[in-house]
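This briefing accompanies the structure shown below.

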Amino acid sequence: HNVKLSKNGQKILLQRVGKDLLSLENEIAKLSCFCEGEISDKDVEELTATISEASIWDFADALLVKDTGKAIRLLHRMLEEGKAPHQMLGTISWKIRDLLALQESQRKRQPIPSSWMRTPEMKRRAILRTLKRHPLRADVIFSKLTKRHRLFKSARVGDRRILELLVLELCAE
């Protein structure tokens with residue numbers, strides 16, 4: 001494709017794409033369309049995330065920094081894109097579990113969990129800085145998740161409203 005990619009850019013790209021050569025070729029082709037000559041690390045960071053992955057990360061970021069408006073907007077957008085409410089509850093639980101694992105590894109000064117190995121380094125550092133400013137309390141969060149899960153099974157209020165309530169509670173905590 002006649003482009004240059006820095007060593008760090010190569011590492012980021014491999015973290016994102018993995019060892020799938022077809023995906024790697026597709027990502028390089030995409031990058032070469034947007035960048036002439038040399039592809040910066042920032043270009044790799046910005047252009048290789050899929051939209052749904054970016055939405056999930058943006059959503060998790062909004063919850064972390066307690067940006068209620070952004071979190072609700074992203075929740076609505078993902079629901080409108082066809083994500084089922086139960087899938088969103090699972091996604092929220094999964095992301096929080098991953099964030100708690102990362103937070104705990106840093107607290108104990110252990111290596112980062114393997115689930116974070118493919119996360120781009122710049123993103124991981126930003127999340128760690130945010131976790132230091134806004135540490136997560138596992139007991140409080142899991143209590144809220146458990147209550148909302150029970151409501152999913154029994155309430156007539158509607159799954160969308162239950163998710164909105166969960167987002168509001170997580171941002172208020």
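**Aromatic rings and overall architecture**

The count of aromatic pairs comes to zero, where rings of Phe, Tyr and Trp (its six-membered ring) pair if their centres lie within 6.5 Å, with planes under 30 degrees apart counted as stacked, over 60 as edge-to-face and the rest as tilted. The model is predicted, so that local features need pLDDT of at least 70 and side-chain atom pairs count only at pLDDT 80 or more, while totals for chains, interfaces and linings use all residues. Residues are numbered from 1 along each chain as its sequence is written, and side-chain values use heavy atoms, with hydrogens and water left out.

**Chain as a whole**

- The chain holds nine helices and two strands; helices (H or I, at least four residues) and strands (E, at least two) are DSSP runs, numbered from the N terminus.
- Read from the N terminus, the order of elements is β-α-α-β-α-α-α-α-α-α-α.
- The C-alpha trace spans about 60 × 40 × 25 Å along its principal axes.
- Of the 173 residues in the chain, 39% are buried; buried means under 20% relative accessible area, exposed over 50%, and partly exposed in between (1.4 Å probe, protein chains only).
- Considering contacts (heavy atoms within 4.5 Å) between residues at least 6 apart in sequence, 66% join residues at least 24 apart.

**Packing of α8 with α9**

- Helix α8 (residues 138-154) packs with helix α9 (residues 159-172) at an angle of about 170°, and their axes are 10 Å apart; axes are lines fitted to C-alpha atoms, for helices over the stretch in contact, and angles run from 0 to 180 degrees between N-to-C directions.
- The two helices are therefore roughly antiparallel, given that angles under 35 degrees count as roughly parallel, over 145 as roughly antiparallel, 65 to 115 as roughly perpendicular and the rest as oblique.
- On the α8 side the contact is formed by I141, K144, L145, R148, L151 and F152, and on the α9 side by D159, I162, L163, L165, L166, E169 and L170.
- By class, this contact comprises nine nonpolar, no polar and four charged residues; Ala, Val, Leu, Ile, Met, Phe, Trp, Tyr, Cys and Pro count as nonpolar, Asp, Glu, Lys and Arg as charged, and the others, Gly among them, as polar.

**Residues of helix α6**

- K95 lies over the face of W94, at 4.3 Å from the ring centre; a charge sits over a ring if NZ of Lys or CZ of Arg is within 6 Å of the ring centre and within 35 degrees of the ring normal.
- S93 belongs to helix α6 and is partly exposed, at 24% relative accessibility.
- The C-alpha atoms of S93 and T146 are 9.8 Å apart in space, although the two residues are 53 apart in sequence.
- S105 is also placed in helix α6 (residues 85-107), and is buried with a relative accessible area of 4%.
- Beyond its neighbours within four places in sequence, S105 is in contact with Q110, P111, I112 and P113.

**Loops with a positive phi**

- Most residues other than glycine have a negative phi.
- K66, which is not a glycine, has a positive phi of about 60°; K66 lies in the loop between α4 (51-64) and α5 and is partly exposed at 25% relative accessibility.
- R109 likewise has a positive phi, near 55°; this residue sits in the loop between α6 and α7 (121-133) and counts as exposed, at 77% relative accessibility.

- K83 is located in the loop between α5 (68-80) and α6 and counts as buried, at 19% relative accessibility.
- Leaving aside neighbours within four places in sequence, K83 is in contact with I56, M78 and M88.
- C35 is found in the loop between α2 (21-34) and β2 (38-39), where it is buried at 8% relative accessibility.
- With neighbours within four places in sequence set aside, C35 is in contact with V3, D43 and L47; C35 and K4, 31 residues apart in sequence, are 9.7 Å apart, C-alpha to C-alpha.
- E38, in strand β2, is exposed at 54% relative accessibility and touches K4 and D43, not counting residues up to four places away in sequence.
- The C-alpha atoms of E38 and A62 are separated by 32 Å, the two residues being 24 apart along the chain.
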